[in-house]
Amino acid sequence: MNITVRFFGLVAEVAGSSSAELTDIADCNSLIEKLNTDFPKLNNCQYSVAVNKIIATENINLNDGDEVALLPPFAGG
């Protein structure tokens, strides 16, 4: 199973990358653990997780071909 992770804004700066391809990730919680291992600076970064353009408010199972986005906090203006 392959998923694409896209990093945006400050999250991309902290990760030092704009995307990553990962395999064998079952759910959002497993994804965050893997990302914190692969990109340790993300441990200190706040972000929202979106799966296929829908913000995840709970742990979601991931499927082959899913696209996950890590989004920095939003600010209004």
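Author: Helices (H or I, at least four residues) and strands (E, at least two) are DSSP runs, numbered from the N terminus. This is a predicted model, so local features need pLDDT of at least 70 and side-chain atom pairs pLDDT 80 or more, while totals for chains, interfaces and linings use all residues. Residues are numbered from 1 along each chain as its sequence is written, and side-chain values use heavy atoms, leaving out hydrogens and water.

Helix α2 spans residues 28-38, and its buried residues are Cys28, Leu31, Leu35 and Asn36; buried means under 20% relative accessible area, exposed over 50%, partly exposed in between (1.4 Å probe, protein chains only). Viewed down the axis of α2, these residues fall within an arc of 130°, so they line one face of the helix; the arc is taken from the directions from the helix axis to the C-beta atoms. On the other side of α2, you will find Glu33 and Thr37 exposed.

In β5 (residues 67-71), 4 of the 5 residues are buried, so the strand is largely enclosed by the rest of the structure. Strand β1 (residues 2-7) runs parallel to β5, joined by 4 bridges; pairing requires at least two DSSP bridges between two strands. Strand β3 (residues 48-51) pairs with β5 in the antiparallel sense, also over 4 bridges.
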